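Dear colleague,

Please find the structure below, together with its sequence. A summary of the findings follows it.

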Amino acid sequence: MPDLKDLIIISASCGKNLELSKKFQEKSNELKFNSEILDLTTFDIPLFNPRIHTKENIPVEIIEIKEKLFATEKWIICAPEYNGSIPPILSNLIAWLSVSGDDFRNLFNGQPIAIATFSGGVGLELLTSLRIQLVHLGSQVLGRQLLSSFSKPVDIKTIEDIIQRLSQMKKLKV
C-alpha cells in the first residue's frame, strides 16, 4: 500500500460534515496515511468582492490555505448542501483561490479530489454542482463519492474505498 503523505480533508461546516471529515481522518490514520483536516469555519475570510479585492490585496488566510493546498497531493472535500448547491463558505474560498494567482486554474488543474456530503436534504445536488465546478477548474474528481444523511448513515467501508482509490491517483502535470 502506498504511503500517502499528503491528504487534506476540507470541511465546509462545523456540524455533520466536520464529523464526516473526522471519520475520513480516523480511517486514513488507521490505514497509515497522514491526513489533516482544514476546517473552513475556523478562518475569518472576507466575502470576495471583485470591486474591492484584487490580486494585490489577497488576505493572509487565503495565501496560507493556498500554500497548504499546493503542497498537498490529494484532497477530500466534505460539504453540506446549501439551497441545492455549494455552501457559501466553500464557494467563497474557491473564488478567492481562483483570483490569487496568474491562472485561475493553476491550483486545481490535475488535482485529485474526492467529494463527500452529510446532508439534511438530498445532497446529490451539492455533489453534482461541486463536481461540475471542480472539473471546470481542471481537477480530477474521483468517480466514487459519498452521500450520507440522517436516513442514510455513513458507511465506513465507503470511506475506506474512497481513500484507497484516491491514494492511487497522481496529480497530473498539465
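**Helix packing**

Helices H2 (residues 60-70) and H3 (residues 88-99) pack with their axes 10 Å apart and at an angle of about 80 degrees. Helices here are DSSP runs of H or I with at least four residues, strands are runs of E with at least two, and both are numbered from the N terminus. The axes are lines fitted to C-alpha atoms, for helices over the stretch in contact, and angles run from 0 to 180 degrees between N-to-C directions. H2 is therefore roughly perpendicular to H3 (65 to 115 degrees; angles under 35 count as roughly parallel, over 145 as roughly antiparallel, and the rest as oblique). On the H2 side, the contact (heavy atoms within 4.5 Å) is made by Ile62, Ile65, Lys66 and Leu69, and on the H3 side by Leu93, Trp96 and Leu97. Six of these contact residues are nonpolar, none is polar and one is charged (nonpolar: Ala, Val, Leu, Ile, Met, Phe, Trp, Tyr, Cys and Pro; charged: Asp, Glu, Lys and Arg; polar: the others, Gly among them).

The model is predicted, with pLDDT of at least 70 required for local features and 80 or more for side-chain atom pairs, while totals for chains, interfaces and linings use all residues. Residues are numbered from 1 along each chain as its sequence is written, and side-chain values use heavy atoms, with hydrogens and water left out.

Strand S1 (residues 7-11) is mostly covered, with five of its five residues buried (under 20% relative accessible area; exposed is over 50%, partly exposed in between, with a 1.4 Å probe and protein chains only). Leu7, Ile9 and Ser11 are buried on one side of S1, and Ile8 and Ile10 on the other.

S1 pairs with strand S2 (residues 35-39) in the parallel sense over five bridges; pairing requires at least two DSSP bridges between two strands. Leu7 has Ser35 of S2 as its bridge partner. From S1 the chain passes through helix H1 (residues 16-30) to S2 in a right-handed β-α-β crossover, that is, the path over the helix runs clockwise from the first strand to the second when the strands point away from the viewer. S1 also pairs in the parallel sense with strand S3 (residues 74-78), over five bridges, and Ile76 of S3 stands opposite Ile9.

**Positive phi in two loops**

Lys32, in the loop between H1 and S2, is not a glycine but has a positive phi of about 70 degrees. Lys32 counts as exposed, at 67% relative accessibility. Asn83, in the loop between S3 and H3, is likewise not a glycine and has a positive phi of about 50 degrees. Asn83 is exposed, with a relative accessible area of 83%.

With kind regards
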